[in-house]
Each structure stands twice: as C-alpha cells, then as structure tokens.
Protein chains: 2
Amino acid sequence: MAPRLNLSDIAKALGVSVATVSNALSGKGRVSEELARVIRAKAKELGYIPSLAGRALSTGRSQVLGLVLADIGHPLFPQFAQAIENAAAAAGYGVLIGDSRGEIDAQTRAINRLIERGADGIVVVPRHGTRIANIGHPIAVIDSPSTPGNTASADHWDGGAQIGAHLSALGHRSFAIIGLHSDSNVQNDRIGGIKAALPRQARVELLWIDELERKRGPGAELGLLRLIDKGVTAFAAVSDLHALRAVTELQRGGVSIPGDVSVTGFDDLIWAGVIAPTLTTMRMNMARIAELAIADLIRQIEGGRDSEDGVPHRPGGHAVPMELIIRQSSGPAPAAPAGKRPGGNPRRADNQANGSILEDTREGTDHKC
Amino acid sequence: MAPRLNLSDIAKALGVSVATVSNALSGKGRVSEELARVIRAKAKELGYIPSLAGRALSTGRSQVLGLVLADIGHPLFPQFAQAIENAAAAAGYGVLIGDSRGEIDAQTRAINRLIERGADGIVVVPRHGTRIANIGHPIAVIDSPSTPGNTASADHWDGGAQIGAHLSALGHRSFAIIGLHSDSNVQNDRIGGIKAALPRQARVELLWIDELERKRGPGAELGLLRLIDKGVTAFAAVSDLHALRAVTELQRGGVSIPGDVSVTGFDDLIWAGVIAPTLTTMRMNMARIAELAIADLIRQIEGGRDSEDGVPHRPGGHAVPMELIIRQSSGPAPAAPAGKRPGGNPRRADNQANGSILEDTREGTDHKC
DNA sequence: CATACTTGATTAAACGTTTAATCTGTGGTT
DNA sequence: AACCACAGATTAAACGTTTAATCAAGTATG
C-alpha cells in the first residue's frame, strides 16, 4: 500500500513549508504567483489528493451532505438520487444516503444519524403527512410549494393545471381523478391544479386508492369500468404508478385507450414510454430542483448568517415548472360521450399502430437492465 | 452553536486522561472495569458523540463505503440502496453514493471519485458488459455468479430455472423469452436457467428488445401477437419492465392473460403487484445479497490478509437463491394450443375477478406516493 | 535615517482521536 | 529482601490539514 502523499511531501520536495503549499493550493494566504505555479505543478505531477479527513478535522466541515428519502421504495428515488448527487458533486460535496426504512418516525432518526455521521447538511424528501422538525442544522426540504418550510420542489399545482388544460382542450368534460391518500401535499396540489383548469361545467369524481384498499383489500379493482358507465372519459392519475394500474385495469376490461377514454399520469416514471399505449404524463425538472435545494443548503452551511442575499427564506420555496409529456394515452374525447354502455360495447380494439410517436420528447428510452 | 464535546471534556470532568477515556469507550487498552463503567456512564450522560473526522484521521479509516450503481435509472435502485445501507449501517459504516451518469466508462471514474473522497471500500453493481478493473482498494461486485470477480449476487440461473419449471408444470410447451441485450451476464444466466428447465420437446423463441429497437425505433411494437399465431403460449421476460411491456401490448391486442397466454417477469418491481393482472415474477433476496457483499468488503478492509477464514475468494461468489412469486399472470396452458388464430379469436375478456390473491407473499404492497 | 507598511514566506497551534511507549505501584516469586 | 511481572493508569506522538501569529526583508513615508 503506497502511503498516500500529503502536503508535507510536496513541501519537502520543493523545500518550502507546508503552510505555503496549503496556501498555494487553496489560493488563500499570501503566496507569490510564481511559487504558487510551481507548487501546483508539483502537486499535479505527484498526483496529490488532499485528505478529506484532515481537512474535515481542521475546518469542522465534512463536505458531505445527507440525503433522506422517506419513501425509499418510491420509483422516483433513482432520479432524485442522481440529481442530488450531481448538484452536490458540482459544489464539491459528497452524498451520504440515509434510510428511514419506510417507518413513520424513523425519518427523524435517519436525519440525526446522518448528522452524527458528520453531514454538513441534509436534503429531505419527507414522507407524506409529516412535518420536518427544525434541527439545529442546515436542512433543505423538497416537498411541495404548499408545504411550510419547503425549500424547492416542482410546481405540482401548475403541473396539475397543465394536465387539466390538456384534457379539457381534447374535449373531455367528465373526469375521474385518481390519488393515493389525502394527506399528501404533493397530491393535493396536483389535484387542486387539475380541478382548477377544468371548465366550469366539468364533472369530477375523486378516487382515493388507500381508502379503497382499506375496504376491499390491497390490489383490489378500482372499479373504473363503472365510472365509464357514468360517463367518465378521462382518468387523471396523480402518479404514473396509479395511471399504470388504471391502464391495465381498463385494457383488461376491453376499453380502448385513448379511443374510448384517456389516461394521464404524473412523474414520467421509467415505464411510461414503454407500455402500450405510452403514457401522457408530467415530468419534474429534477436537475433544477436539486440545484436549488443544494444551493440553498450550501448557503445555509457556508453563509453562516441568515439575512444574506436578501432572500431569507421565501414562504413556499422555489416552485419549478413541470413539463407536459404528451404520448399516446391521451386523445380527443369520443364524439358520442360513451355514456351508458350496454354490457359489451363495440370498442376499437386495435389502435396500436399509431405511427411514430412524434410527441414523445424523451430522447431514447433508457429502460436498460 | 454548542461546540460538540470531545474526549477531553469527559476526561476533564472525571479527572482522568483522554487516553483512558478513549480506551474505556473502545474497550481496547487496559482500564479497570470499575472506571470503565463510570466513564461510559459519564459519556452517555453528556451525550458524547465521537468525531468521525478525528477518528478517520487517526485510524486512516473513514467508516464509509461507496455505492456505485452503473445503471442508476434502474427501478431496482431503491431496493439495492436500501439493502446496502442497512447492511452497512449494521456494520457501522455509512454509504456514499456515486453516479456514473449512465455513461459507459464513467463507472471507473465514479469509483475513483469515491475512493478519493475517502471511502474505505466500494460496492459496485456494474453495467452490463463491463468488467471491473482491479483497483488497489477493497471492492465488492454484485453482478452474476457467471461473472468473474463477482462477490455476491442472486442465483439468476436458478431463478430462471424456477420460472422455466413453473411454466412447464403449467403445461406450456412453446415459449418466447424476452431479453434486452445479449451482453448482460445477468440476463444470460436467467435465460440459460429458463431454457434448462424446459422439457426436451419445448419450442423456444428468443427476443432481444435492443436489437428490435435498433431496427424499428425505440418503443416499437414487439410483435408478440404474431408469436401467438406461431403457437407461443408463454412469454418469459427477463425483467418485469419487459414483462410489463409485453402485458400491455398483449392486452391491447385483446389477448387474455393468463387465459390465452402466460407472462412472467423478473425482479418483483414495485408495480408487479399492482397491475391487472398482477405479475408472476422472481424476487431477489436483496437483504441477503447486501449482507454478503458488505461482509466480504469489510473482511477485505479490516482483515488485511487475504488468506483469512480459509475463504480466499470463491470463483463465482455467493449465489443467493431467488424466490418465485406466483401471481395472476401465469396460468395453465390453454387446452387447445392457441395455434393459428383466424383474425379475431374469441378470447376470454374478463378474468379479472380472480378472487383473492392468496399466492401473493408480498406483505402489503408498498406503492405509496 | 528611523519608522511604518507590504509582501512573501515560516512557525506553531489547533482540530479529536488512536495507540505505542512509559510510568507507578502492588503482589508474587525465589 | 531483592527481583520480576503485571494491572492500571498516563504521556506523548501521530494522522493531515487549516490558519492565526510571527518573522524577515524590501519598499514607501515622514
């Protein structure tokens, strides 16, 4: 094992002091530009890598952030992790992951564990229905603009509005909105946005999956076919996961999408561009959200004082616009509103040859294994 | 900001030396049990938290592992991350994530970045078709038993065999296997296992999605209906993602699952228990795999010598059995082998009321949002 | 010309832990 | 009684960096 070289090795090699080397490399103290160049060259030549441990001990900063995703089982986790890691790396920070094991209060424990581990700050994507207690440490919350204490997040309300407008423009007038549980700010924002964008005379049915499953057991049918009988022509799910569930349930019942009804989702999860029909959905700008969250976090860590920048903390945090991804699953409302369907309606069964998917802005589906 | 207390605070409070406190807390040097108890009590009373930075500098160990998932977009990422984090935490290690941005050679760079950051060891789930170069650092590879250098992984071959046996037992004789690309050891193991478990007279068609998409464009139809015409009654996909694609394509074509054909996947991804029909699939024992990988890694880190334990490094690493999850999407082969279907075959359209899903061992589907 | 300021460098302390080496009694052995 | 071994503690050095304080010499200022 080659003993990693340190500042004093470089100092010795050049006959200068360690402090000078440190100053030259960090550009902080007073070093002649001439000598600084020599030192930097020598450092590169020898392949010097600073010891984070030494630096951490000296400065009291670990250059590491903690990432806590409460619902770690969420399909969006990879995107979050990647975006956060990128943004953090760009700022010179590493990312330590924390697991809350899905348990409800383990979230706080996870945060504390990360702080004990020396994380300079924490990024949290909290579990629905929980509030992040104010630790005495820098923290950034990614949740929803309507959540107090939110640092940055997608503009879920606006995302919902885009979906609502899209479906309205296609002529739909009777909607079903599919959500999971009513204590999620993210979902409520999305639903609020959808509703707000629908025309006055629209009829809206609201479906909470959690509620349904409590009654009928997990994995139960959602009973979407009955809704179609009541005239619903558009199903707006609050997540692609629920949209997927809707699509398969409908297709299994012989309903054609988007011939008979339209289905939309949220989040552009990995399979959205792969299933048949491909799914119309809303995509978050993860990279931007991560950037904003990390920037805020670093400001807290390094800024020290709060009143910096003239931006103490805006109420709802930054709201990043979402992007509408139009794919095959949404189409014009059927000319004759489906209405009562007498047993087995004649439905288009083969609209799979829809031609090329020009609307799909995703650049090469990355569904690798 | 309360300046975090350190060993010398405790030492001062008790009138002993720091070394004694350190020894008492770590249980290493020579301290009377009596004094040790007093010290531990005082430490707990004051809420002492050791400084990782100080320890790291002194010992040369950061107590942090790096996790590199090449295909970070993979839906399995959350499970992996969670399992690794749990196993690492149990061993007193933190987990730093590394991102290879999906780029092909960035994998090595990601590994190096983590090592530079001070990670004591690295866990890699490599990208298909890549070999992990031997860094001079402890590393654990989670890939496939057939991969040289593999540390621990699911027994993909055996998993395939279980799927093959399951479908065979259901009476199927004509199969289509759906894979993504042929340079993945994981996929090849699974496919090999499937084939090996099929009866002698079985007919097998092999489908590579990557190849198909290169010709017909991304998101193209897989042409599964034509395969049914050729007599195929069972589609075994090498990942739930592809199984999902198959299911939607088939349902869209009016094919009943599992009435007309059976479809199986791999990995038990989050939606497998949610779509209609729920998906028969193979589940990895992530927790076990992670444990083994971490254990091996820590042995490398702390063991020092290789010839420890009498287990230098077994060729294929540990192969952890997979678990067959039988759900709705697989059923008996149709009595009359579907054979040529004249235009629109009469197919069962409503088998959704399959009753309760007794075979589903998943304990409460965690498709939260 | 003495003083003050500036520049470019060095010295030394500090961060908090671990650990090898050392010291000091005490009890046992010959 | 002299010696040794040993348990139980302390001292001190080391890990690698940062940074405040200091110093030496050259330059400007009165």
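Two strands are said to pair if DSSP finds at least two bridges between them, strands (E, at least two residues) and helices (H or I, at least four residues) being DSSP runs numbered from the N terminus. In chain A, strand 6 (residues 174–179) and strand 8 pair in the parallel sense over 4 bridges. The model is predicted: local features need pLDDT of at least 70, side-chain atom pairs count only at pLDDT 80 or more, and totals for chains, interfaces and linings use all residues. Residues are numbered from 1 along each chain as its sequence is written, and side-chain values use heavy atoms, with hydrogens and water left out.

Strand 8 of chain A also pairs in the parallel sense with strand 9 (residues 262–264) of chain A, over 3 bridges. A:Ala234 of strand 8 stands opposite A:Phe175, and its bridge partner in strand 9 is A:Ser262. From strand 8 (residues 234–237), A:Ala234 and A:Ala236 point one way, A:Phe235 and A:Ala237 the other, and all are buried (under 20% relative accessible area, 1.4 Å probe, protein chains only).

The interface between the chains comes next. Here 71 residues of chain B are in contact with 73 residues of chain A, contact meaning heavy atoms within 4.5 Å. The two chains bury about 6,400 Å² between them, 59% of it on carbon and sulfur atoms; this is the accessible area (1.4 Å probe) lost on putting both parts together, summed over both. The count of salt bridges between the chains is 2, each a side-chain nitrogen of Lys or Arg within 4 Å of a carboxyl oxygen of Asp or Glu. A:Arg113 forms a salt bridge with B:Glu85, with the closest N and O atoms 3.4 Å apart.

Note on methods:
Chains are lettered from A and ligands numbered from 1 in the order in which they are written. Buried means under 20% relative accessible area, exposed over 50%, partly exposed in between (1.4 Å probe, protein chains only).
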